[in-house]
Amino acid sequence: MKIYKVYNPIFEFVAEAGAGGKQGVAKLAIEYEKLDPSFPPPTKYMDFMIGLTKEVDAGIVKAALD
């Protein structure tokens, strides 16, 4: 993360009432500013955040069904 001036991961989870019970939406974002324009965007970290959210969701669904 030394190649960024600013780096803020943002997780937002919104619970909603839907058909068949409670549902929700996960919104993921990263605010960042590069130290140099040639540095790559943080796509690997965003992929990690998406994978983590999917694992948490699968665990919650499994626990709700047990």
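Where does Asp66 lie in relation to α1? Asp66 belongs to the segment after α1 (43–65), where helices (H or I, at least four residues) and strands (E, at least two) are DSSP runs numbered from the N terminus. The model is a predicted one, in which local features need pLDDT of at least 70 and side-chain atom pairs count only at pLDDT 80 or more, while totals for chains, interfaces and linings use all residues. Residues are numbered from 1 along each chain as its sequence is written, and side-chain values use heavy atoms, with hydrogens and water left out.

With a relative accessibility of 73%, Asp66 counts as exposed; the word applies over 50% relative accessible area, buried means under 20%, and partly exposed lies in between (1.4 Å probe, protein chains only). Between Asp66 and Asp47 there are 19 residues of separation in sequence and 29 Å in space, C-alpha to C-alpha.

Aromatic rings come next. A pair of them is described by the distance of the centres and the angle of the planes. Here, rings of Phe, Tyr and Trp (its six-membered ring) pair if their centres lie within 6.5 Å, and planes under 30 degrees apart count as stacked, over 60 as edge-to-face and the rest as tilted. Searching the whole structure gives five aromatic pairs. In one of these, Tyr4 and Tyr7 have ring centres 5.6 Å apart and planes at 35 degrees, so the pair is tilted. Tyr4 counts as buried at 11% relative accessibility, and Tyr7 counts as buried at 19%. Phe11 and Phe13 have ring centres 6.2 Å apart and planes at 15 degrees, so this pair is stacked. Phe11 is partly exposed, with a relative accessible area of 37%, whereas Phe13 counts as exposed at 58% relative accessibility. One aromatic cluster is formed by Tyr4, Tyr7, Tyr32, Tyr45 and Phe48.

At least two residues of the patch come from each of β1 (4–18) and α1, with α1 giving the largest share, four residues. Ile60 has its place in helix α1 and counts as exposed at 54% relative accessibility.

How many salt bridges does a search of the whole structure find? The search finds one, a salt bridge being a side-chain nitrogen of Lys or Arg within 4 Å of a carboxyl oxygen of Asp or Glu. Lys5 forms a salt bridge with Glu33, and their closest N and O atoms are 3.5 Å apart. This pair links distant parts of the chain, with Lys5 in strand β1 and Glu33 in strand β2 (residues 21–34), 28 residues apart. Lys5 counts as exposed at 54% relative accessibility, while Glu33 is partly exposed, with a relative accessible area of 37%.
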